Amino acid sequence: MEFAFTEREEMLRKAVREFAEAEIPPRMEAMEETGEFPMDLLKPMAQVGITGIITPPEYSGVGMNYVARTIVLEELGRVCAAFPMALQVHHMACAALNDFGTDEQKKKYLPALATGETLGTVGVTDPSGGSDLIGMKTTAELKGDKYILNGRKCFITNSHLSDFWIVIAKTGEGAKGLSAFIVDKDTPGAKLGRKENKFGLRGANTGEWAFDNCEVPKENLIGQEGQGLTVALKTISETGRTGMAATALGILQAVYEEAGKFANERVLYGKPISTLQAIQFLVAEIYTQLDICRLLNYRASWMKDQNMRCDTETGMAKYYTCNAAVEAAKKAIEIHGSYGIMKEYAVQRLFRDAMVTVPAGGTAEVAKTGIGRAALAPFKK
Amino acid sequence: MNRIIVCVKPVPDPKHWDKVSMDPETKTLKREGIPNIMNPLDKHALEAALALRESHGGEVVLLSMAPPFAKTTIREGLAMGADRAVLLSDRVFAGSDSLATAEILAAGCRWIGGFDIVLCGNLSIDGSTAQICSQLAEMLDLPNVMHVTGMEESGEDNLIITQKIENGYVKLFSGFPVVLSVRKEVNKPRYIPFTGILAAESKEITMLSNKDLCVDPERIGLKGSPTKMAGLEVRKFERKKEKLEGTVDDIVEKLVERIYQCGVIEC
């Protein structure tokens, strides 16, 4: 068993960290204030390879694996979690197209995503709910050579920043009754809805789409008609959950660093509070949670890279890391005392950001139903 | 453009400088366990070389005199876009001051050969002597310009160089070959592209010892280093404390006087 990162992975981490530490902090205040994602960084991120990391080189991508992607998202999240949030959804669009798209669709859309022409986005959730996919209300009816889309999508990351959208809609009934489509944003009948005002991950854009007799060319169907559930579940499970987990992992790393720094700098009773056992225990718990989550994250990504089934492991990584990030951020605030709730200190943002990762991409309970199924499978009679 | 040699040096990462200590016996820095980075100004030199290659073609070769662990730093330079690297590594080089280092680097440049420009950072953030560039030029018998803030190729055999001087800038024309050292204003170094990380894995790092370079052993290492460390001390910086006593009025008067004395407020 090998737990060490390769020289390539170490250099990748260093390269992303250098980019993130230099380019992101100057933009964070505005992101927090306005809730806008800094699109001026999209091209620079593409030049480095962040946007196209998992896209094959023949479509202008880097062609690296999911372990590499997790390193990139973790490092971005360590500085500002809104970035990996936006980018992991962008990668979901890349993965859906790469796994299920036709050659024409790949040629048309993947290079645009890899080179930072636009951000990628995927809309699955209806206002009626996200986890009950089959119960969604958005419909796509085939009329001639076009699908007519009607309905609404909500809680969509990058909703207002993408030139084209990947949309899951109902084309029939049951598990085979969903299909996936590419909708160019300027298609008549495709409308941008409200932008959400979140308390965390402020800089990541979240919003709604509405479809009012939106005519989508038949060639924009991703995969086969009726394959939408497979497209959605594979993309969410493998790319979405690993991405959300890596976002929370980055937050956890930042929480650990902020807690450790403050505990060493803050002097009480004539010495740093890091010398107090009560503080040491809190930092030890954060440190252990970080390590558990790091192992869960990289194991899940590694399994994906080995083409192993990994839905249980990605579910574990997602639910556990997101919850752990919240718990750790709360402990870090405790270490900071009243400073911890002041806007000048990063831990309050980390807490808010961590909270948003919990329901995003499926709640812990939804993830746990899958994990529970897998855990109990050996005992089933 | 034929070939550009870029001299790069691994230096202790400033983020870990609080962990660097000094050995009072050998009067050297104890760097064990401190990660290295490429000297920041060398990155600017490499960026300048890559930009020239992109507009005029040619080859960019990294040159470094350092222990074998420097390969990691050199690999980063290759990932940024350099074509290949030459690492001069030998125990007999240990203890070299800037003069002896320049001797070794000059031998490295001669070994590589066929170059138009040798580019360096103006100084390294650990030694900060800023001597290598001019010593190297002298040993190679080539013209030298330091404090370069801009360069562009003009025609076949000319380079227009902008040099920062005390009161402004000078534009210089230079032929080839030439030895230059850059300031940070010269450019913004590119970030390491991920595709570069993959490409760097198959790029060549040639390791050379003094058997390959054949530099006079009297001119390298401790023996060849005229610089002798006279002393070494750790400076402590503390806030100056002064207690003013007396009545409140007395204290205020003294305080105002002190503020004037310090030049915070002018009379």
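Two residues are taken to be in contact if their C-beta atoms, placed from the backbone, lie within 7 Å. By this criterion, twelve residues of chain A meet ten residues of chain B. The model is predicted, with local features requiring pLDDT of at least 70 and side-chain atom pairs counting only at pLDDT 80 or more, while totals for chains, interfaces and linings use all residues. Residues are numbered from 1 along each chain as its sequence is written, and chains are lettered from A and ligands numbered from 1 in the order in which they are written.

On the side of chain A that touches chain B, the elements giving two or more residues are α1 (7–23) and α3 (42–48) of chain A; helices (H or I, at least four residues) and strands (E, at least two) are DSSP runs, numbered from the N terminus. The largest share, six residues, is supplied by α1(A). This side of chain A divides into eight nonpolar, two polar and two charged residues, where Ala, Val, Leu, Ile, Met, Phe, Trp, Tyr, Cys and Pro count as nonpolar, Asp, Glu, Lys and Arg as charged, and the others, Gly among them, as polar.

Within chain A, an automatic or database domain assignment gives domain 1 (7–114), domain 2 (122–229) and domain 3 (237–379). The centres of domain 2 of chain A and domain 3 of chain A, taken over C-alpha atoms, are 31 Å apart. Their contact takes five residues from domain 2 of chain A and six residues from domain 3 of chain A.

Buried residues (20 or more other C-beta atoms within 10 Å of their own; exposed means 12 or fewer, partly exposed in between, with C-beta atoms placed from the backbone) in α6(A) are A:Y109, A:L110, A:L113 and A:A114. Seen down the axis of α6(A), these fall within an arc of 130 degrees, so they line one face of the helix; the arc is that of the directions from the helix axis to the C-beta atoms. What covers them includes α3, α5 (82–100), β4 (164–170) and β5 (178–184) of chain A. On the other side of α6(A), A:E104 and A:K107 are exposed.

Turning to chain B, its secondary structure comprises seven helices and 13 strands. Of its 267 residues, 36% count as buried.
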